[in-house]
Amino acid sequence: MARDPKHDILFEPIKIGPKVMKNRFYQVPHCNGFGSEKPFSQAYFRALKAEGGFAGVSTEYCSISPESDDTHRVSARIWDDGDIKNLSLMCDMLHEHDALAACELWYGGPHAPNMETRCVARGPSQIPSDFEFLTYAIEADKDDIRHLQNLYVAAAKRARTAGFDIVYVYGSHSYLPQQFLTPYYNHRTDEYGGSFENRARFWRETIEMVKEAVGDDCAICVRMSTDMFMGEAGTQLKRDCLPFVELCDDLVDVWDINLSGIAEWGEDATPSRFYPQGRALPWQAAVKAISKKPVLGVGRWTNPDLMAEAINDGKLDIIATCRPSTSDPFLPKKIDEGRLDDIRECIGCNVCISRWEIGGPPLICTQNATAGEEYRRGWHPERFTKAKNADNDVLVVGAGPAGMECAMILGKRGMRRVHLVEAQDDMGGTMRWIPQLPGLGEWARIVNYRKIQIDKLKNIEFIPNTKLSAKDVAEYGAEIVIVATGSYWSTDGLNGATHATIEGADASLAWQATPDQIMGEGKELAGDSVVVFDNDGYYTGVSIAEKLALEGKKVTLMTPLGTIAPYMHFTLEAPNQHRTLHRLGVEIVPYHLPSRVEEGVVVATHVYDEEGHEKSFAADGVVWVAQRRSNEALFRELKDSIGLDQLKVEGVDSLYRIGDCEAPRLTADAVFSGHRLAREIDSADPSLPLPFKRERRMVDDASVASEKAEYAALYAEASLA
Amino acid sequence: MKTVVCIKQVLQLGDEVEFTDDGLDVDPDYLDPALNEWDSFATEEALQLRERLGGEVVLVTCGSKASEAALRRCLAMGADRAIRIEGVDRDPFSVARALAEVVSAENADLVLCGVQSSDAVQAATGTALAELLDLPRAAVVTKVDYDAGARTAVVDRELEGGLVDRVEIDTPAVLTIQTGINEPRYANLRAIKQAEQVEIDVRNAAGGGAPAYRVRKMFVPDRGEGAEMIDGSPAEIAARIASIVKERLV
Ligand SMILES: Cc1cc2nc3c(=O)[nH]c(=O)nc-3n(C[C@H](O)[C@H](O)[C@H](O)COP(=O)(O)O)c2cc1C
Ligand code: SF4
């Protein structure tokens, strides 16, 4: 297919400083858990986006000095020659695809916990971080300021040596240069604090020095947040940012304009629950209006019409994407080829971010099971090998996210026939109703994308309205059977806190319900008041509470946890979700666990009350968001009642289960599980994941000998003292 | 009770179309073969009659070897045997003549066709077939009441605007079956595999007779201009149409 001419503008080259980007697609800095210490994982992750058509691809935040160490989280680092070498691999691989490589030079100031390096960072003022606990900076004196600026210059030179084409002086997300610009962080009274000119001085001088050092070879990019949403204290567009653009426009080759500070950076990496795509456009357009330089900007862009409109309307020059490029690294190529319905659109769930926030684990993505697996498992999101056992027929039972993903990938791997059989009248499983929860409409993309793909694959047949018994499955005629029957919410109060049921809990009663019943079956609870018990800790409990409150009920949200929905802290949804529930008058009762329920009352105790005083909460109804359990009856019957031997007699050579049917987890995990099995369906034992490549230092005899000799000498010398 | 079901492997168009170099056909690269949707309902109806009344379901199609996939699909659903007629032009008259020859020899109680095929959308074959077989026919059938050996059947026909026409029809008869008359069963993989082993009875068309039409050229028509979308109540729309017609006639 051909590109729609109205998207041509997205494929026009653009000059930025000494470099030219071949089109308008750019992957903004974002973490993937690889940094500079997993160089191959890093390089393959980024190169795939270049292969998918991104004309510019950045590192994540890249620390310029051991003083700025974000451990437990993983940043890139450009501290020494070793880092240069490791990051140069990424640059080389990007260049193979004619993409520009960008390095986001980062210094965290008070936000850098320095847990590995044990250094102390320097900052504009000595104020503890609003993002980290117990983390302070040294209040920089003039020498410290010069030292900091020299760190940027030295790091920029190293970045140039590594092969980077674009060098950032990164301020957004409340990092050092923007801390100087922002009264909230900058309480100085010298020439680096106070007036706008003074607050801007550090950043301007630093940009000048970096430009002077590498500006002939590298484009200089400044990432600036144009509103922290903190009133007077935070950076503000008109007061600070537009004057800053005017002040530095001559030095900067490209502006990367976004929103937010660090403590609520969900205002930048916007959950779809709260913001549509293109939400930062008014701010970006304001910068574009006064700058002579190209402006790039994020907006969870997945819709090429809106991208083209943003450029045509003169609001942006370059479409910057983070999450959409993770969800679909081939976004530009698919637009170029007019394959719009093949785009795997980001759903804005921020599960990717949750991994960074947790610190350490590699990034995962709900939509794209291959994200982060490019190198370590060798998975390419758009390429598939024909399965060695492709002459087999496969039955997948259950068309939820895991079953759909598995069937789709098996289809792409050329299995002879894949039958995807579903009890309901359409695909989706629980993901049919989850998008009906308040704000989660875009999550329907999980189902829609796969439905379209499955429809295109001629070797997959979808069979709705068909509930198969174990006998039906055995006699179905498939050599490979995959059970993907999902999970259900416990109906008896069984929960992960007590590992026991709750007295009186029984969702078959009219006044009690589970999320499945409310959303999947339309069960309605009578009465005005309801207690939602949540020990799941993610979106379901709060979403049900919000829905019921929107319907006019008086809602009490009770949890044994210290805060509601703690996982939403990691997905950056927590602040606005708290605001929503507060606005709706939902009463939050943390640290409480129901000991028993009766019609009209929930009796609960404080989890830390050693004497177990009971407290009664009047409620007409109760919703149990306690824990999930696998729907494993079919699998058990096949394996235990019919038995693998008898299945063999019927021609079923292998039986697997995937997704929530195995264990209820994140949707991203369910999708991964389906994908993994399909990728490895022709391995020696597909029920077990193949080992993945681990990037780590390997001990060898030579290094053991030399390290031992070195340390023996070191310790021997020390023992003399 | 014997039912003959005439089915067709249709060629579905994707979003894009290219024509062959001679301009007489669509480039096969842009076509996906599939069982005509209406025919799966006709097959299901025949299977349900057989389940109720016993007997046999016989499939007939005109087409190349590749079109056997459609026959096997219906065999997997449970049809008893299948006949494929080779060498037939694809216009409805040629198809109906070839079918008539085979179908008349089967002495069926009922002959079921789909209302239309999704690729040609002419809704002509079933009617032409009835004419050639000299049998009564009912079109757009949404319900079939028939007892084994009965001389008549009572069928519902779908009319515009949700109206239903209930008619009694002498049998044998040709019925063209509408989608939605039933819920076609799925075939499990075992049935599909078994259907692959069934021997298909291949015949050659006698040929002769004039086709309903000949393809001279296939092309994408020029896009017209000046279309006006009329909004409003039925009365307002009617008034607007009337005034347009009057304006244009003057
Ligand atoms: C997993 C993840 C990690 C991120 N890490 C960084 C980072 O290291 N540096 C940075 O400037 N922004 C980072 N961001 C923010 C993105 O650059 C971007 O501003 C934000 O995600 C909004 O863009 P989008 O709507 O295209 O996702 C990160 C975002 C995500 C999702
Ligand atoms: S995890 Fe969710 S938000 Fe992140 S890229 Fe994937 S779909 Fe988008």
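Which helix of chain A gives the most to the lining of the largest cavity? Helix 11 of chain A does, with four residues.

The model is predicted: local features need pLDDT of at least 70, side-chain atom pairs count only at pLDDT 80 or more, and totals for chains, interfaces and linings use all residues. Residues are numbered from 1 along each chain as its sequence is written, chains are lettered from A and ligands numbered from 1 in the order in which they are written, and side-chain values use heavy atoms, with hydrogens and water left out.

**Cavities**

Rolling a probe the size of a water molecule over the atoms shows where empty space is left. A cavity is a set of points, on a 1 Å grid over the protein atoms alone, where a 1.4 Å probe fits but cannot get out. A pocket is an open set with protein on both sides within 12 Å along at least five of seven lines. Lining residues have an atom within 4 Å of a point. Grid points are joined across faces, edges and corners, and a volume is the space filled by probe spheres set on the points.

The whole structure holds four cavities of 30 Å³ or more. In the largest cavity, A:Pro29, A:His30, A:Trp265, A:Ala269 and A:Cys322 lie nearest the centre, out of 42 lining residues. Strand 4 (56-63), strand 13 (318-321), helix 9 (323-327) and helix 11 (351-358) of chain A each supply at least two lining residues. Helices (H or I, at least four residues) and strands (E, at least two) are DSSP runs, numbered from the N terminus.

The second largest cavity has 13 lining residues; closest to its centre are A:Cys346, A:Cys349, A:Asn350, A:Cys352 and A:Cys365. Helix 9 of chain A gives the most here, with three residues.

**Largest pocket**

Both chains line the largest pocket. Nearest its centre lie A:Ile460, A:Glu461, B:Ala34, B:Leu35 and B:Arg73. Helix 2 of chain B makes the largest share of the lining, five residues.

The table sets out volumes and linings. Ala, Val, Leu, Ile, Met, Phe, Trp, Tyr, Cys and Pro count as nonpolar, Asp, Glu, Lys and Arg as charged, and the others, Gly among them, as polar.

| Space | Volume | Lining by class |
|---|---|---|
| Largest cavity | about 550 Å³ | 23 nonpolar, ten polar, nine charged residues |
| Second largest cavity | about 90 Å³ | six nonpolar, six polar, one charged residues |
| Largest pocket | about 1700 Å³ | 20 nonpolar, nine polar, 13 charged residues |

**Interface of chain A and chain B**

Contact (heavy atoms within 4.5 Å) takes 21 residues from chain A and twelve residues from chain B. The buried area is about 1300 Å², with 48% from carbon and sulfur atoms. Buried area is the accessible area (1.4 Å probe) that two parts lose on being put together, summed over both. A:Met1, A:Arg417 and A:Tyr476 supply 35% of the area that chain A buries against chain B, more than any other three residues.

Six salt bridges cross the interface. Each is a side-chain nitrogen of Lys or Arg within 4 Å of a carboxyl oxygen of Asp or Glu. One joins A:Asp393 to B:Lys193, with the closest N and O atoms 3.3 Å apart. Strand 14 (393-397), strand 15 (417-421) and strand 16 (460-463) of chain A each supply at least two residues of the side that touches chain B. Strand 14 gives the most, with three residues. The side of chain A that touches chain B has nine nonpolar, four polar and eight charged residues.
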